[in-house]
There are 2 protein chains.
Amino acid sequence: MVLNLYLNLYSSSCRSLYIFAKLHVISFDMIPVDLMKAEHHSKEFVQISPLMKVPVMKDEDFVLGESVAIMLYLCRRFKTPDHWYPDDAKGCALVDEYLAWQHLNMKKHCTKVLWMKMMIPHFFRHSVPHENLEEATKDLNHSLDLLKDKFLRDKPFLTGDRISLADLMALEDVVQAISADYNVFENRPWLREWQEKVESILGQELCDEVHGPILKLKEAPAISSEMLNKFNVMKSELL
Amino acid sequence: MVLNLYLNLYSSSCRSLYIFAKLHVISFDMIPVDLMKAEHHSKEFVQISPLMKVPVMKDEDFVLGESVAIMLYLCRRFKTPDHWYPDDAKGCALVDEYLAWQHLNMKKHCTKVLWMKMMIPHFFRHSVPHENLEEATKDLNHSLDLLKDKFLRDKPFLTGDRISLADLMALEDVVQAISADYNVFENRPWLREWQEKVESILGQELCDEVHGPILKLKEAPAISSEMLNKFNVMKSELL
């Protein structure tokens, strides 16, 4: 039986997982979850995953949430090449360190900038106070500084000489910020260089396919007024 | 050479790690980091760990941050009993799922309640708006509901029949909320039962030793005015 992956490619975590599965030719059925229609809060979805988050994986009757957990499961289940999550204790500890750190740093701050700079003003037609956006971009800049000074340093990839799950996770968070027209590359030639290296390994065609929807999201029409209420919680958390 | 662990036992992540190391009789030197004096922002500490967070581990010249990464490293390095982080793909995936989820849920919400209900009013002599505290306790209650309905369900422990890193991490976050005099056990007999089971495995003496300082934190004197500025960032993030 093939895997089921419940995904929405506007989510950076879902894109990392989708790319990882495609890259390793893992058979899966993609079940799209429309976040704009709050399907992740629907009764049907909550029965599958009470966490109300994408991605979710179903491998026969084994249900698993959280992108980090799902990608580690796929590494073990499909014995993907060692460099993604090395067998040696120090190598995989460095990947674990990045995957733990990113939740409250790269992922949080890239998502926040996407919401404040694009989603809230464009989809919710709601203005974001200037100082809130400034604070969010300051946090993102600090995360990008750490991405370089703590993780990448002078290595080709975030955790060593070869690409790992850390790079794949970070790439999609960077794409999140790019989608909000935030110029992450300004004064950061190292970031462009790293991104190109990562994308050339993943394959440009696959990256273009996966990044297409989020990069074009700003061209989509504003959200219907009936949907606005469902998102008020997320909006108030971010403002 | 023994391990160095940079810790502050007011941090729930540090306590989980400390208990794990003690329980497995792993030799380590504890280097206390005084968060109340913002030592984690000091030049000396930033040189060791630019993430400016505790815990940090040094194993000879190998430096590692993030409690999740450090505990997984100790599991592999010291071959701790399998149930903490099972070898089988599904068993460890469930531990990975909890360890990924807790960052933005149990840990975040327990910490927030500790700050809003105790740290900010007591140490910073700053009142917290009622609606902010109400929002924080609502979030914590939702996390506790998920702890039961998604993770614990009818099993003895969060990820199966035996204790795992998930239980150890969750226990210390619950202690964080208890330290703020938040009655987590009200209408939750299952939580008390689970806590007692976990503590009996860890050993009551070790738990009492480790929980002592945080449970007594509310009796400590308010912070000096010269330190207040250093904490303004953390305070503004939480209010």
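**The cavity and the interface**

Guide: The largest cavity of this predicted model is lined by Val68(A), Leu72(A), Asp96(A), Leu99(A), Ala100(A) and His103(A), together with Val68(B), Leu72(B), Asp96(B), Leu99(B), Ala100(B) and His103(B).

Visitor: How much space lies in the largest cavity?

Guide: The structure holds one cavity of 30 Å³ or more, and its lining divides into eight nonpolar, two polar and two charged residues. Rolling a probe the size of a water molecule over the atoms shows where empty space is left. For the largest cavity, that space comes to about 120 Å³.

Visitor: Which helices each supply at least two residues of the lining of the largest cavity?

Guide: The lining includes Val68 and Leu72 as well as Asp96, Leu99 and Ala100, in chain A and in chain B. Helix 3 spans 67-77 and helix 4 spans 89-101 in chain B, and the elements that each supply at least two lining residues are helix 3 and helix 4 of chain A, together with helix 3 and helix 4 of chain B.

Visitor: What area do chain B and chain A bury between them?

Guide: The contact takes 28 residues from chain B and 28 residues from chain A. The size of an interface is often given as the accessible area lost when the parts come together. Here 70% of that area is on carbon and sulfur atoms, and chain B and chain A bury about 2800 Å².

Visitor: Which three residues supply more than any other three of the area that chain B buries against chain A?

Guide: Of the area that chain B buries against chain A, 17% is supplied by three residues, more than by any other three. They are Leu51(B), Arg76(B) and Lys90(B).

Visitor: Which element of chain B gives the most to the side of chain B that touches chain A?

Guide: Strand 4 (62-65), helix 3 (67-77), helix 4 (89-101) and helix 6 (130-152) of chain B each supply at least two residues of that side. By class, the side of chain B that touches chain A has 19 nonpolar, three polar and six charged residues. The element that gives the most, with nine residues, is helix 4 of chain B.

**A pocket and the backbone**

Visitor: Which residues are the closest to the centre of the second largest pocket?

Guide: About 550 Å³ of space lies in the second largest pocket, and 20 residues line that pocket. The closest to the centre are Arg76(A), Asp87(A), Arg76(B), Tyr85(B) and Asp87(B).

Visitor: Which residue does a cis peptide bond join to Val54(A)?

Guide: Most residues other than glycine have a negative phi, and most peptide bonds are trans. In chain A, the cis bond has an omega of about 0°, and its second residue sits in the loop between helix 2 (43-48) and strand 3 (56-59). In chain B, a cis bond joins Val54(B) and Pro55(B), while in chain A the residue joined to Val54(A) is Pro55(A).

How values were computed:
Residues numbered from 1 in each chain as written. Chains lettered and ligands numbered in written order. Predicted model: local features only at pLDDT ≥ 70, side-chain atom pairs only at ≥ 80, totals over all residues. Heavy atoms only, no water. Contact = heavy atoms within 4.5 Å. Buried area = accessible area lost by both parts, 1.4 Å probe. Helix = DSSP H or I, 4+ residues; strand = E, 2+ residues; numbered from the N terminus. Nonpolar A, V, L, I, M, F, W, Y, C, P; charged D, E, K, R; others polar. 1 Å grid on protein atoms, 1.4 Å probe; cavity = no way out; pocket = protein on both sides within 12 Å on 5 of 7 lines; lining within 4 Å. Points joined across faces, edges and corners; volume = space filled by probe spheres on them.
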